Amino acid sequence: MATMNFNTTNATFRQLLGNGLSYRVPPFQRDYSWAEDEWDDLWQDILGLFESDGEPAHYMGYLVLQSSDNKRFDIIDGQQRLTTLSVMILTCLGHMQDLIRSNLDAENNARRKEQLQNSYIGYLDPVSLVPRSKLELNRHNNRFYQTYLVPLEKIPQRGLNASEHQLRKAFNWFKDKVRSRAGMTVNSGKELAAFIESLVDRLFFTVITVTDELNAFKVFETLNARGVRLSATDLLKNYLFSVISSQDTHETELKALEERWERIVGLLGSESFPEFLRIFWNSRNRLVRKSDLFKTIRTRIATRDSAFELLRDLDHSAAVYAALRDPQDPSWKSDEKVALAQLILFNVRQPLAMLLSCHTRFHETDRADFTRIMKAVAIVSFRYNVICNLQTHEQERLYNDIAWRVSSGSYTRPSEVISALRDVYPDDTRFKAAFAEKELRTTNSRNKKVVRYILFEIEKQRSGQDFDFESATYNLEHILPEHPSEDWSYIEESKQDRLIYRIGNMTPLETSRNRDLGNADYSTKRQVFQQSTFQITRAVSEHYETWDETKIEARQKQLTNIAAGIWKIEFGG
């Protein structure tokens with residue numbers, strides 16, 4: 001693997017802003033959005049540093065920057081924190097300005113204010129004598145920041161966009177905090193300067209500097225920090241919008257595009273956008289691994305027209321993807337809802353790209369056949385993923401191949417899709433062998449739900465009764481109990497642990513009956529099972545006078561034969 005082109009250092013806030021370094025929030029990055037909860041968290045952390053038993057320093061998390069010259073940096077991740085710290089320092093300068101106006105140590109405070117402004121907010125360019133701000137915000141926030149906050153001008157109340165209002169509120173909120181901390185005395189300016197000078201050395205970041213967006217994306221793939229997926233979303237937006245606006249793009253056109261982007265991200269949530277993007281891309285192209293996605297898009301989407309087209313297609317597909325992740329979406333028929341709920345229950349995501357392309361191609365024209373595809377995928381997932389527990393990368397490759405063939409038009413009929421699923425459909429011999437040995441530890445809540453689902457489906461097949469497997473009216477009974485008493489000591493202790501979570505050892509039971517059973521012996525349980533409304537539970541008491549390893553295996557084999565008939569696809573031919 002090639003070495004990644006980035007470096008990592010720890011830096012204090014003072015080090016970040018020293019030596020003429022400057023920072024820019026890329027123009028299309030998301031707007032300032034922090035609110036009172038975040039401001040208060042930061043302020044309390046800062047105050048904690050100045051308490052007698054306070055920490056010596058406060059860690060501000062990762063900062064991901066992009067730079068080609070190590071002088072000017074684009075902020076890829078961390079803009080909310082840097083902007084808020086800048087606003088807070090500006091409120092300190094604003095308070096010094098108030099002290100100067102009130103003639104409180106005015107001459108010294110003017111010198112302090114100028115020195116602090118030069119160090120942390122901006123400085124006079126020695127060549128052009130033009131004021132240079134150390135921080136430049138995005139296209140929606142920078143005018144407000146440079147026009148009102150940096151020069152400490154009176155801030156207007158009206159005519160501001162939502163994020164400018166948020167910046168105005170942040171300034172006023174911190175100004176109140178600074179005023180109540182510093183007061184209005186002859187020594188206030190001196191104490192406030194000491195507060196800032198101490199603070200900038202005690203806030204530190206882990207700074208990751210990359211040379212281009214591709215390396216930034218690789219960093220996001222390896223970082224598991226809060227908000228990183230959000231930054232990956234921003235990164236794509238910055239790239240696409242820079243391609244689109246590289247020519248003479250009208251502001252109204254950009255506004256419409258941004259509204260479209262916000263609609264997509266709003267529908268999916270920024271956390272799940274990168275996952276949607278990968279699934280969308282793989283529904284129309286050859287399989288791309290997560291780590292290569294951004295590189296691939298950057299290579300393929302290089303013109304204004306292709307960027308526009310990608311945005312349009314993402315917009316069309318986002319609602320379908322959101323529906324595929326929500327079985328209760330009103331667009332689904334009842335059979336489709338059931339199939340999607342099963343995919344979520346099984347925690348299987350590999351078929352999503354294929355389902356997305358099949359929806360685009362068949363949903364309107366072959367609805368009944370599209371439903372058949374969804375049901376077939378749920379059955380394959382049960383056999384392949386839940387019971388046989390086979391390799392998912394092979395499965396993903398096949399699903400992607402089908403998706404690509406559907407999108408490119410080489411598969412024109414749903415029957416071709418279902419036939420292609422044969423390659424990831426474990427046959428009866430393999431399925432039965434795996435099911436007969438299957439153990440699902442119900443200490444895990446997902447496994448518990450899966451076992452309930454399996455047993456309730458088998459009950460439905462046997463008795464024709466469709467019980468709700470998620471209902472609290474019913475419990476999952478472990479016949480050999482999870483915590484066996486002395487009554488079960490005839491089964492070796494070493495075997496007990498293996499047998500407790502075998503499917504053959506579990507059966508549905510009314511909660512009211514199960515509550516009294518606990519760790520009772522088998523003869524006591526057997527009498528209760530006779531009264532159950534579940535046919536498969538009554539059958540345990542009818543067929544087995546005792547309960548041990550051979551009985552568990554016999555019952556599981558019997559359940560295996562029923563399961564092979566329930567979760568079955570008839571391929572024909």
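**Note on salt bridges and a buried glutamine**

1. In this predicted model, the side chains of E107 and R111 meet in a salt bridge, with an N to O distance of 3.9 Å. Both residues belong to helix α4 (residues 106–120), where they stand 4 residues apart, about one turn of the helix. E107 is exposed, with a relative accessible area of 63%, and R111, at 52% relative accessibility, also counts as exposed.

2. A second pair is formed by E258 and K237, whose closest N and O atoms are 3.5 Å apart. E258 is buried, with a relative accessible area of 7%, and K237 counts as buried at 4% relative accessibility. The pair belongs to a network of salt bridges that links R139, K237, E258 and E262.

3. E275 forms a salt bridge with R349, the closest N and O atoms again being 3.5 Å apart. Here 74 residues separate E275, in helix α11 (residues 273–282), from R349, in the loop between α14 (334–345) and α15 (352–362). R349 counts as partly exposed, with 32% relative accessibility. The structure holds 37 salt bridges, this pair being one of them.

4. Q166, placed in helix α6 (residues 162–182), counts as buried because its relative accessibility is 16%, under the 20% cut-off. A polar atom of its side chain lies 3.2 Å from the backbone oxygen of W34. Leaving aside neighbours within four places in sequence, Q166 is in contact with Y32, S33, W34, A35 and W39.

Conventions
Residues are numbered from 1 along each chain as its sequence is written. This is a predicted model: local features need pLDDT of at least 70, side-chain atom pairs count only at pLDDT 80 or more; totals for chains, interfaces and linings use all residues. Side-chain values use heavy atoms; hydrogens and water are left out. Helices (H or I, at least four residues) and strands (E, at least two) are DSSP runs, numbered from the N terminus. Buried means under 20% relative accessible area, exposed over 50%, partly exposed in between (1.4 Å probe, protein chains only). A polar contact is a pair of N or O atoms within 3.5 Å; within protein, one must be able to donate a hydrogen and the other to accept it, and residues adjacent in sequence count only if both atoms are side-chain atoms. Contact means heavy atoms within 4.5 Å. A salt bridge is a side-chain nitrogen of Lys or Arg within 4 Å of a carboxyl oxygen of Asp or Glu.
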